[in-house]
Amino acid sequence: MTARPRTLLTAVRPETQRHLYDFFDQLRDADPCLWDRGLNAWVVTSHELVSAAASDPRLSSVRWTDPDDVEDELRQVAAVLSRTMLYRDALEHSRLRKAASRTFTARSVEALRAPLTAAVDATLDRLLPSGRMDVVHDLAVPLPFNAICALIHVPEPDREQMLVWSDDVAVAFGNARLTPEEKAAADRGMSGMVEYFDSLIDRPEALLQPGALSRDETIANTVLLLLAGHETTTHYLGNAVLALLQHPDQAKRLATEPALMATAVEELLRWDSPLQLMLRRATTGLSFGGKDIAAGQAILLVCGAANRDPAAFPSPHVLDLGRTGGARHVAFGHGPHFCLGSSLARLEGEIVFRALLDRLPGLRLADTALAWHPSLNFRGLDRLLVEWD
């Protein structure tokens with residue numbers, strides 16, 4: 001990859017994904033606030049500018065100003081997601097976020113430690129005799145999915161169908177280029193979740209209930225909690241375990257120095273962020289990053305590039321589980337839209353890493369042919385095959 005990068009779209013190519021952070025370095029070196037003709041948007045890659053843009057009230061998080069203008073197959077997906085806190089600004093965002101914030105209190109998250117630890121141990125007990133597993137399929141998918149389902153009170157018998165719907169919608173959530181079949185599946189998935197949560201929110205144990213929120217807003221933000229509560233954490237766990245396997249010296253360091261776990265969790269988030277991209281749109285003409293941004297223009301904040309910016313993180317391409325200042329990463333976003341479930345994701349990472357290091361000291365890659373989802377928004381592995389003696 002010696003040619004000067006022309007568009008961020010290059011990032012979804014399999015050959016680029018294998019060297020993604022070298023590509024991001026090229027983008028940042030070319031211009032940390034670069035006009036991308038392929039995407040008709042500004043691409044921002046420095047930590048300073050990504051952090052500033054994520055907190056700038058002149059830049060809106062509203063993705064669809066009019067969901068009715070969206071193509072038929074994705075209109076319902078756009079309509080539902082446009083009612084969520086993720087795609088609202090200022091007072092509207094604060095109102096919606098406040099209603100959902102009780103989900104992730106320190107007490108409610110810590111209460112999940114014991115059942116999550118038991119779930120990981122049970123999985124390893126079942127798989128230990130085989131000497132082999134797919135970290136993504138066996139751990140990274142079911143653990144966060146069941147955790148968020150427990151928080152929003154989705155009964156266990158309903159979770160298998162909910163995961164199918166969620167996966168179908170998530171494809172549209174993180175990919176602007178969809179096949180007709182993917183669009184139809186996303187529409188069916190959203191219809192299923194909306195209908196399901198419409199019945200669920202009338203139960204006394206429902207997490208969100210109409211009150212401060214309208215019924216449509218209640219349903220939409222419950223859908224968001226389900227999607228966001230497991231999709232990015234699944235990617236985080238897979239990416240982080242891969243990083244530990246590719247850096248055995250750091251894995252050994254963490255195994256022998258348990259006190260490093262808190263900084264290790266942050267460094268692994270910085271190293272290979274599950275959230276790669278945030279979208280903002282200028283509400284007015286403004287000067288930003290040395291450029292004149294026109295009202296209405298899109299600005300793409302590349303979190304993965306910001307997390308490898310040498311101006312913010314010395315030796316950014318070195319995995320250092322004892323790194324100080326690593327918590328400045330933007331893997332959970334930044335500013336008012338900082339991830340509401342970050343504490344749960346951190347807890348899940350801590351539990352998984354500790355269990356693998358303690359119980360599978362001989363863990364190693366069983367297949368080095370790695371493949372990531374073709375998404376600009378998220379970075380996650382299709383599978384991660386490992387083995388042990």
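Student: Is Cys33 buried or exposed?

Tutor: This is a predicted model. A residue counts as buried when its relative accessible area is under 20%. Cys33 has a relative accessible area of 0%, and is therefore buried.

Student: How many disulfides does the structure hold?

Tutor: A disulfide requires two cysteine sulfur atoms within 2.5 Å. The structure holds zero disulfides.

Student: Is Cys149 buried or exposed?

Tutor: Cys149 is buried, because its relative accessible area is 0%.

Student: Which residue is the bridge partner of Cys33 in β2?

Tutor: Strand pairing is read from the bridges between two strands. The partner of Cys33 in β2 is Val44. Strand β1 covers residues 33-36 and strand β2 residues 41-44; the two pair in the antiparallel sense over four bridges.

Student: How many residues of helix α3 are buried?

Tutor: For a helix, one applies the burial criterion residue by residue. Helix α3, residues 47-54, is mostly covered, with six of its eight residues buried. The buried residues are His47, Leu49, Val50, Ser51, Ala53 and Ala54.

Student: Where does His93 lie, and with which residues is His93 in contact beyond its neighbours within four places in sequence?

Tutor: Here one asks for the helix, then for burial, then for contacts. His93 belongs to helix α5, which spans residues 90-100. Its relative accessibility is 3%, so His93 counts as buried. Once the neighbours within four places in sequence are set aside, His93 is in contact with Met85, Arg88, Pro336 and His337.

Student: Why does Thr218 count as buried, and where is Thr218 placed?

Tutor: Thr218 counts as buried because its relative accessibility is 0%. Its place is in helix α12, residues 215-246.

Student: Which backbone oxygen lies 2.8 Å from a polar atom of the side chain of Thr218?

Tutor: A polar contact is judged by the distance between N or O atoms, with a cut-off of 3.5 Å. The backbone oxygen in question is that of Ser214.

Notes. Residues are numbered from 1 along each chain as its sequence is written. This is a predicted model: local features need pLDDT of at least 70, side-chain atom pairs count only at pLDDT 80 or more; totals for chains, interfaces and linings use all residues. Side-chain values use heavy atoms; hydrogens and water are left out. Buried means under 20% relative accessible area, exposed over 50%, partly exposed in between (1.4 Å probe, protein chains only). A polar contact is a pair of N or O atoms within 3.5 Å; within protein, one must be able to donate a hydrogen and the other to accept it, and residues adjacent in sequence count only if both atoms are side-chain atoms. Contact means heavy atoms within 4.5 Å.
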